[in-house]
Amino acid sequence: MSTLLPTSTRVHDTENQNASQQHRRDAGSLFVLKSKGSWIHCGYHLTTSIVSPSLLSLPYALTFLGWKAGIFCLVIGAFVSFYSFNLMSLVLEHHAYLGNRHLLYRDMARDILGQITPELMCRCYMEGPRWGRYFVGPIQFAVCYNNEVLCALLGGQCMKAIYLLSNPNGNMKLYEFVVIFGCFMLMLAQMPSFHSLRHINLVSSVMCLSYSACATAASIYIGNSSNAPEKDYSLKGDTTNRLFGIFNAIPIIATTYGSGIIPEIQATLAPPVKGKMLKSLCVCFVVVLFSFFTVAISGYWAFGNQAEGLIFSSFVDNNKPLAPKWLIYMPNICTIAQLTANGVHLVQEYLQPTNVILEQIFGDPEIPEFSPRNVIPRLISRSLAVITATTIAAMLPFFGDMNSLIGAFGYMPLDFIFPMIFFNMTFKPSKRSSIFWLNVIIVIAFSALAAMATISTVRQIVLDAKTYQLFADL
């Protein structure tokens, strides 16, 4: 790479100047995006954004792929996501050095895509600022809000699983547990800034490791027990269904590895930011590799092509636990604990782009952050966001299909396509260099996969539509 990175002193001065400009610009960046964290704090944020309960769907994804293709996709997903996030961090560091530190993904897209030549603009029919506002912004919002809804739904499902284990004849419905969990998120959603979550995200990371270990132990126990289901690793359905199944599995894996908010996480770092993000990514991916591969391999080994969309659901057969109750209680309790922490994290981290916009509209940077003028609009807007997400989760518990769709057209562009484009446009590597062509190949491959996966998930939604029922008790 021919571009020289700056010294720490110069980055510090430049970013402080940029922070001052940001202060004058709006309340969103001033109140929500506080650049005070260390690289280890950033590692907590990254881990919580990537290592989430969506990993509990990985055994289900392997039912569409089989052993060889499934492990291959997991390895490729780990490599490309780490590579992609590192490229994006280098781009962010470079722009910070130039005096324009990007705190939001859409701002980054606006400025970088604004460098497109007029001829290419005519071909694309869209200028850089419009890309950021009308394409990247809505996709990021869909990804972020999808996670908020999924958090409420998974929390309700885990609470119901514990309830039925302790009271098999209980008559409480799933939507009631979703509402109860939504109330927890509502109370915790009022944390003022992203940086204030660093200790909560540490707890969340520990809980994720705990339920991953418990889920792995339960799968191994069941797989070796006399109650183990018959292990069948063959792909179900005819050739057409198998083909579409592959493209249903790919966005599930993309969603699991995806973050969608790397610029917002890097914005929490105190200047100078040079080199900090790489250390944070290394911390994060140690947890990623342990949890993803252990849960995916043990779950698929134990249940084969009968693995459920949420692996915990496979631990019970006709209300009869296949493992000791404590081994089923533990991962569900740890998941609820992580999701409770995630309730804060999701509203702050995944809805951070939305929170920034709301603060820009309703906040006043000229008066204190915790004055009634700023607190009341924040309380109303964030509460409405959580209430809406909880209502959607209670009404549509068949969120798996929508999750795949969001992964196909949301996570794949944000995390596997745009970072390579941003890097090539920012650093302009030689067309004879390996990094240029590696980025081009990744962009082409994942663009094609995203298109095919979107078609496949839309097809699955149409097929499943006849089984949908509002407020279903699953």
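## Helices α17 and α18

In α17, the residues M420, I421, F423 and N424 meet I435, F436, N439, V440, I442 and V443 of α18. Sorted by class, this contact of α17 with α18 holds eight nonpolar, two polar and no charged residues. The model described here is a predicted one.

The two helices, α17 and α18, pack with their axes 9 Å apart and at an angle of about 150 degrees. Angles over 145 degrees count as roughly antiparallel, and α17 and α18 are therefore roughly antiparallel to each other. Their crossing, that of α17 and α18, is left-handed.

## The loop between α17 and α18

Two lysines of this loop can be described. K428 lies in the loop between α17 and α18, and its phi is near 45 degrees, a positive value in a residue other than glycine. With a relative accessible area of 58%, K428 is exposed.

K431 has its place in the loop between α17 (418-427) and α18. The relative accessible area of K431 is 61%, so this residue is exposed. Which residues does K431 contact, leaving aside its neighbours within four places in sequence? With those neighbours set aside, K431 is in contact with F436 and W437. F436 is also one of the α18 residues that meet α17.

## Helices α10 and α18

Helix α18 (residues 434-464) also packs with helix α10 (residues 239-257), at an angle of about 110 degrees and with the axes 8 Å apart. Angles of 65 to 115 degrees count as roughly perpendicular, and α10 and α18 are therefore roughly perpendicular to each other. The crossing of α10 and α18 is left-handed.

On the α10 side, the residues involved are N241, F244, F247, N248, I250 and P251. They meet L449, M452, A453, S456, T457, R459 and Q460 in α18. By class, the contact of α10 with α18 comprises seven nonpolar, five polar and one charged residues.

## Helices α4 and α12

Helix α4 (residues 58-97) packs with helix α12 (residues 276-303) at an angle of about 175 degrees, and the axes are 11 Å apart. That angle makes α4 roughly antiparallel to α12. The contact of α4 with α12 has 23 nonpolar, six polar and two charged residues by class.

S280 is 242 residues from S38 in sequence, yet the C-alpha atoms of S38 and S280 are 9.2 Å apart in space. S38 sits in the loop between α2 (27-31) and α3 (39-50). This serine, S38, is partly exposed, with a relative accessible area of 26%.

## Helix α5

Is helix α5 largely enclosed or largely open? Seven of the nine residues of α5 (residues 105-113) are buried, so the helix is largely enclosed by the rest of the structure. The buried residues of α5 are Y105, R106, D107, M108, A109, I112 and L113.

## Cysteines

How many disulfides does a search of the whole structure find? The search finds zero disulfides. C42 is in no disulfide, and the nearest cysteine sulfur, that of C284, is 9.2 Å away. The relative accessibility of C42 is 0%, so C42 counts as buried.

The cut-off for a disulfide is a pair of cysteine sulfur atoms within 2.5 Å. C334 is buried, with a relative accessible area of 8%.

## The chain as a whole

The protein chain has 18 helices and two strands. Of its 474 residues, 55% are buried. Among contacts in the chain between residues at least 6 apart in sequence, 84% join residues at least 24 apart.

Technical notes
Residues are numbered from 1 along each chain as its sequence is written. This is a predicted model: local features need pLDDT of at least 70, side-chain atom pairs count only at pLDDT 80 or more; totals for chains, interfaces and linings use all residues. Side-chain values use heavy atoms; hydrogens and water are left out. Buried means under 20% relative accessible area, exposed over 50%, partly exposed in between (1.4 Å probe, protein chains only). Axes are lines fitted to C-alpha atoms, for helices over the stretch in contact, and angles run from 0 to 180 degrees between N-to-C directions. Helices (H or I, at least four residues) and strands (E, at least two) are DSSP runs, numbered from the N terminus. Angles under 35 degrees count as roughly parallel, over 145 as roughly antiparallel, 65 to 115 as roughly perpendicular and the rest as oblique. A crossing is left-handed if the near helix is turned anticlockwise from the far one by less than a right angle, and right-handed if clockwise. Contact means heavy atoms within 4.5 Å. Ala, Val, Leu, Ile, Met, Phe, Trp, Tyr, Cys and Pro count as nonpolar, Asp, Glu, Lys and Arg as charged, and the others, Gly among them, as polar.
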